[in-house]
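This briefing is meant to be read alongside the sequence and the coordinates.

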Amino acid sequence: MAQKEETLLIKRYASRRLYNTETSDYVTLDDIAGFIRGGREVQIIDLKSGDDLTRQYLLQIIAEHESRGENVLPVDVLTDLVRSYSTQAQSVVPQFLAASFEMLRDGQSKVMENLGTMSPSMPAIPGLEAMQAQQEAFLKAMMGGFSGGTSPQGEASSGDETATKEEELDEIKKQLAALQAKLSGLG
């Protein structure tokens, strides 16, 4: 059994620079986001006061991604979050969000696993392969957004990979359209 890595401690100096205590160098918010995507737990503290600033910096990372058009949170969800700060429900929202993300992480791996182990008689259903391919591409795209758009090897996606993914997406869309046409013909 692999040992869980220790929480990465980042210190914020009075100059507002962030210092990685593990590697003894300065880091940026993008670096911190990369550590988190890589599975590390991160804690950011103010060197002078000792205050935990982790929440503040995580919110800043999310805000920067959202402002760059990397939208993960729909406006309705953001609106509900703002409302939750002004209602008595605020104590329920954090637990709900934590449980939802835990279910997403657990469920994503189970769905991918189940797609590969379906009964041999299932592919006989018209369009099932297209639906499986679409669902798999959707899940990979969803989780790709959480992993920062990196390939499984941890390298940034190249233009060729992006073009290939777009071609795959176009193919899935064609298959879905064909499936919808078949299903509407049956009804």
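The points below are grouped by topic and refer to a predicted model. Its largest nonpolar core has 12 residues, the structure holds six salt bridges, and a patch of negative charge lies on the surface.

**Nonpolar core**

- The 12 residues of the largest nonpolar core are Leu-8, Ile-10, Leu-18, Val-27, Leu-29, Ile-32, Ala-33, Val-42, Ile-44, Leu-53, Tyr-57 and Ile-61.
- At least two residues of this core are supplied by each of four elements, namely strand 1 (8–12), helix 1 (29–37), strand 4 (42–46) and helix 2 (54–67).
- Helix 1 provides the largest share of the core, with three residues.
- As a general background to such a grouping, nonpolar side chains in soluble globular proteins tend to be buried together.

**Salt bridges around Arg-68**

- Among the six salt bridges that the structure holds is the one between Arg-68 and Asp-30, in which the closest N and O atoms are 3.5 Å apart.
- This pair links distant parts of the chain, since Arg-68 lies in the loop between helix 2 and helix 3 (75–84) while Asp-30 belongs to helix 1, the two being 38 residues apart.
- Arg-68 also meets the side chain of Glu-64 in a salt bridge, with an N to O distance of 4.0 Å, and that of Glu-70 in another, with an N to O distance of 3.9 Å.
- Taken together, Asp-30, Glu-64, Arg-68 and Glu-70 are linked in a network of salt bridges.

**Exposure of the network residues**

- Arg-68 counts as partly exposed because its relative accessibility is 44%, and Asp-30 likewise counts as partly exposed because its relative accessibility is 44%.
- Glu-64, with a relative accessibility of 31%, therefore counts as partly exposed, and Glu-70, with a relative accessible area of 39%, is also partly exposed.

**Negative surface patch**

- Glu-166, Glu-167, Glu-168, Asp-170 and Glu-171 gather on the surface in a patch of negative charge.
- One of these patch residues, Glu-168, is found in helix 6, which spans residues 159–186.
- Glu-168 has a relative accessible area of 46% and is therefore partly exposed, a value that lies between the 20% limit for buried residues and the 50% limit for exposed ones.

Notes: Residues numbered from 1 in each chain as written. Predicted model: local features only at pLDDT ≥ 70, side-chain atom pairs only at ≥ 80, totals over all residues. Heavy atoms only, no water. Patch = residues over 30% accessible without salt bridge, like charges linked within 9 Å, V, L, I, M, F, W, Y side chains within 5 Å. Areas by Shrake-Rupley, 256 points an atom, 1.4 Å probe, with all protein chains shown as cover. Lys, Arg positive; Asp, Glu negative; His and termini not counted. Charge placed at Lys NZ, Arg CZ, Asp CG, Glu CD. Buried < 20%, exposed > 50% of the residue type's maximum accessible area, 1.4 Å probe, protein only. Core = buried A, V, L, I, M, F, W, Y, C linked by side-chain atoms within 4.5 Å.
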